[in-house]
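Follow the residue numbers as you read.

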Amino acid sequence: MFRLSGYSEGRWGEKEIPLQGGVSAFGYFIGDEVKFFPKRDSCREIIFLLDREVVIRWLGEKHPALERVDSQPLDSWSLFWKRSIMPVERMILERIDVLLEEESKGGLELEFKVLELFYNYFSMGVDLPDSLSNRHQASVHRAKEILLSNIASPLSIKEIAYKAAVNECDLKKEFKKHFGTTMHTMLQEYRLDIAKELLVRGDLSVAEVAKRVGYSSLSHFGKIFHERFGLLPRELKRG
């Protein structure tokens, strides 16, 4: 559940679940439905109900969240984590909200945005390995937020480390350890995913899309786009 604005208290059986604006929560329940009240116009929220099989595909069978799911009785509720909605998640959620209101604009873009949202959500919201201190945990998440918020004019790793208040060498090592990829690779894949979304929407030229996601060379943009998706940007736009 993502609460964009407003405040309500939920109830599952005898348990109360407060949720204020700007907060997301990930949990599990079987049996009685979780009911939130009061429902006012000022409350904006988007709720996703995920089957266990979907979470397995995204996280793998050995993920701690699934271990917690499997340990629950068949009529239980468990709130695994609750945290602030990150800026990059809010941008995605705002777009999803628009797509849900305009059903004709759903389809492929809506599916892509949901996948993009949970890619960010689970990589930011999961428990970090015990080897990471609380200070490093916060710094790694802050670094990812900074990294993905500046795709048109990316900051250097040194600049990101400074803004995230962490040593540059520690950041590179812990980032790779936690997210399973380098900062450069994550940024490139994210930029290309955004480029693909913009091309599918069709209201920008290939050159405009490349510039929007931070590539000044069209030939380089076309090459790495083809390596990731198996077709050139112009072919996707034409298709």
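E189 is partly exposed, at 30% relative accessible area. Here buried means under 20% relative accessible area, exposed means over 50%, and partly exposed lies in between, with a 1.4 Å probe and protein chains only. The model is predicted: local features need pLDDT of at least 70, side-chain atom pairs count only at pLDDT 80 or more, and totals for chains, interfaces and linings use all residues. Residues are numbered from 1 along each chain as its sequence is written, and side-chain values use heavy atoms, without hydrogens and water.

Side chains of opposite charge can pair when their charged atoms come close. The side chain of E189 meets that of R228 in a salt bridge, 3.8 Å from N to O. This pair links distant parts of the chain, 39 residues apart: E189 sits in helix α8 (residues 183-201) and R228 in helix α10 (residues 218-229). R228 is partly exposed too, at 35%. A salt bridge is a side-chain nitrogen of Lys or Arg within 4 Å of a carboxyl oxygen of Asp or Glu. Helices are DSSP runs (H or I, at least four residues), numbered from the N terminus.

In helix α3 (residues 87-101), E94 and R90 lie 4 residues apart, about one turn. They form a salt bridge, with the closest N and O atoms 3.8 Å apart.

In helix α5 (residues 134-148), E145 and R142 are 3 residues apart, about one helical turn. Their salt bridge brings N and O to 3.3 Å. E145 is buried, at 14%, whereas R142 is partly exposed, at 37%.

Methods:
Helix = DSSP H or I, 4+ residues; strand = E, 2+ residues; numbered from the N terminus.
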